[in-house]
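Here is a short tour to read alongside the model. Take a moment with the view below, and then we will go through it topic by topic.

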Amino acid sequence: KQWYQRRVAITAGDTSNTSVLLVDVFSAVTNIKKNDIVLCHDPEECEGFIVKRVTAMAGQFVQLDPHEEPGPYVARHSYEGRLSVPTGYCWVEGDNRSTSHDSRAFGPIPLGLVKGRALCRIFPWPKVLLKSE
């Protein structure tokens with residue numbers, strides 16, 4: 001039998017953008033893959049956590065949008081509009097790119113900072129679960 005530990009994570013943007021997620025807390029970070037939504041220790045604030053989507057894994061390239069203002073990390077480390085994710089790291093970005101503080105600002109996340117993968121959103125209720133009137 002394999003047992004999983006679950007945690008609830010509350011993510012807060014502004015007051016209209018708060019979500020409650022069920023997070024699978026795991027010890028083996030080898031299960032992370034591109035497009036997973038993960039709970040990570042904030043690399044800039046040791047007591048904080050962030051929830052972001054994994055957009056690239058070690059050995060993959062991040063293709064940058066030339067029409068987008070680059071974040072501080074991207075401005076210093078990109079070459080010809082691309083970045084390579086180093087071994088032992090992943091690249092995370094928020095789904096709301098225009099307001100997200102993510103790897104474009106602080107760089108790739110060490111896999112050791114990843115604490116879990118979001119399984120589902122508990123609140124607000126997914127529209128598919130709401131009965132239409």
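Buried means under 20% relative accessible area, exposed means over 50%, and partly exposed lies in between (1.4 Å probe, protein chains only). Because its relative accessibility is 15%, Arg117 counts as buried. Please keep in mind that this is a predicted model, in which local features need pLDDT of at least 70 and side-chain atom pairs count only at pLDDT 80 or more, while totals for chains, interfaces and linings use all residues. Residues are numbered from 1 along each chain as its sequence is written, and side-chain values use heavy atoms, with hydrogens and water left out.

**Overall layout**

- The protein has two helices and nine strands; helices (H or I, at least four residues) and strands (E, at least two) are DSSP runs, numbered from the N terminus.
- Along the sequence, these elements follow the pattern β-β-β-β-β-α-β-β-α-β-β.
- Of the 133 residues in the protein, 35% are buried.
- Taking contact as heavy atoms within 4.5 Å, 52% of the contacts between residues at least 6 apart in sequence join residues at least 24 apart.

- Arg117 sits in strand 9, which covers residues 114-123.
- Its side chain makes a polar contact with the side chain of Asp36 at 2.9 Å; such a contact is a pair of N or O atoms within 3.5 Å, and within protein one must be able to donate a hydrogen and the other to accept it, with residues adjacent in sequence counting only if both atoms are side-chain atoms.
- Asn31 belongs to the loop between strand 2 (19-25) and strand 3, and it counts as partly exposed because its relative accessibility is 42%.
- Setting aside neighbours within four places in sequence, Asn31 is in contact with Asp36 and Arg117.
- Asn31 and Gly116 are 85 residues apart in sequence, and their C-alpha atoms are 9.8 Å apart in space.

**Nonpolar cores**

- A nonpolar core is a set of buried Ala, Val, Leu, Ile, Met, Phe, Trp, Tyr and Cys residues joined through side-chain atoms within 4.5 Å.
- The largest one has twelve residues, including Ile32, Val38, Cys40, Met57, Phe106 and Val114.
- Strand 3 (37-41), strand 4 (49-57) and strand 7 (89-93) each supply at least two residues of this core, and strand 4 gives the most, with three.
- Apart from this core lies another, of eight residues, among them Ala56, Val62, Leu64 and Leu83.
- Not counting residues up to four places away in sequence, Met57 touches Ile32, Lys33, Lys34, Val85, Tyr89, Cys90 and Leu111.
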